[in-house]
Amino acid sequence: MKLSTLFVAGVCAGTLFASCDPYVANERQLSLTHTTLIDGDAYQFFQLVGSKAVYENDYAAYAGSIARSSQAKQLAAKVQEVYGSLVPKLDSLARLKQVDFPIKGAAKYETTGEVETAVEREKIAGNRVDSAQLDDDDLGTERVPSLSYSDDTYIHHVQHETAVVKDQLQRMTRNTDKEVRTFAEASLKKVTELFTLAGGKEDANAHH
């Protein structure tokens with residue numbers, strides 16, 4: 001009986017000490033209250049860039065496997081290099097700032113054969129889709145005719161999406177949070193190189 005009592009007491013003590021651990025406490029606070037340690041601007045950055053980084057990394061893996069031009073293949077490889085390195089860093093920073101990561105509700109890149117829906121691409125990437133561009137029959141389902149993959153379409157897509165990420169990083173270099181600023185400053189150069197490789201210009205409107 002004494003050994004059983006000691007065992008139970010040990011388990012209870014272990015549970016108590018675990019609950020006092022700062023990391024465990026932070027994890028519980030995040031899961032129960034969703035309280036973060038950053039401002040709204042930085043939180044939006046995590047939501048937008050976090051979802052794009054995961055999505056673009058997966059899209060690049062697919063594009064690289066079917067691309068025909070050397071330019072598209074090289075670009076897809078660079079996308080995987082850049083975003084593949086950003087994802088774990090975003091994850092670490094998100095944990096530090098008590099932000100859910102991966103981003104909850106963010107869609108994963110999926111393909112059916114070699115087609116995907118234009119509206120779905122824009123919705124997943126976090127872009128607004130103008131309903132005026134859709135036919136009446138499309139409004140109920142938010143779908144437009146599927147478009148086959150092409151190297152030119154992918155290159156333009158990377159240029160546009162990387163411009164958005166670059167703009168967000170530039171914005172975060174002025175954030176009040178020191179760790180967020182450091183991350184943005186360290187990541188901006190790589191993302192800018194990717195933007196340039198995709199044909200982007202420093203002119204803010206050149207990627208449209």
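**Notebook: helices and a salt bridge**

I started with who touches whom: in helix 4, Gln-74, Leu-75, Lys-78, Val-79, Val-82, Tyr-83, Ser-85, Leu-86, Lys-89, Leu-90, Leu-93 and Leu-96 are in contact with Glu-179, Val-180, Phe-183, Ser-187, Lys-190, Val-191, Glu-193, Leu-194 and Leu-197 of helix 8. I sorted this contact by class and got 13 nonpolar, 3 polar and 5 charged residues. A reminder to myself: this is a predicted model.

Next I looked up how the two helices lie. Helix 4 covers residues 70-96 and helix 8 covers residues 178-197; their axes are 10 Å apart and the packing angle is about 170°. Angles over 145 degrees count as roughly antiparallel, so helix 4 is roughly antiparallel to helix 8.

Then I turned to helix 3, residues 40-66. I checked its length: with 27 residues at 1.5 Å a residue it should span 39 Å, and its end C-alpha atoms are 39 Å apart, so the two agree. At its N-terminal end I found a cap, Asp-39, with a side-chain oxygen 3.3 Å from the backbone nitrogen of Asp-41.

Asp-41 came up again when I looked for salt bridges. It pairs with Arg-171, and their closest N and O atoms are 2.8 Å apart. This pair links distant parts of the chain, as Arg-171 sits in helix 7 (residues 151-172) and Asp-41 in helix 3, 130 residues apart. I noted 6 salt bridges in the structure.

How values were computed. Residues are numbered from 1 along each chain as its sequence is written. This is a predicted model: local features need pLDDT of at least 70, side-chain atom pairs count only at pLDDT 80 or more; totals for chains, interfaces and linings use all residues. Side-chain values use heavy atoms; hydrogens and water are left out. Helices (H or I, at least four residues) and strands (E, at least two) are DSSP runs, numbered from the N terminus. The expected span of a helix is 1.5 Å times one less than its number of residues. A polar contact is a pair of N or O atoms within 3.5 Å; within protein, one must be able to donate a hydrogen and the other to accept it, and residues adjacent in sequence count only if both atoms are side-chain atoms. Axes are lines fitted to C-alpha atoms, for helices over the stretch in contact, and angles run from 0 to 180 degrees between N-to-C directions. Angles under 35 degrees count as roughly parallel, over 145 as roughly antiparallel, 65 to 115 as roughly perpendicular and the rest as oblique. Contact means heavy atoms within 4.5 Å. Ala, Val, Leu, Ile, Met, Phe, Trp, Tyr, Cys and Pro count as nonpolar, Asp, Glu, Lys and Arg as charged, and the others, Gly among them, as polar. A salt bridge is a side-chain nitrogen of Lys or Arg within 4 Å of a carboxyl oxygen of Asp or Glu.
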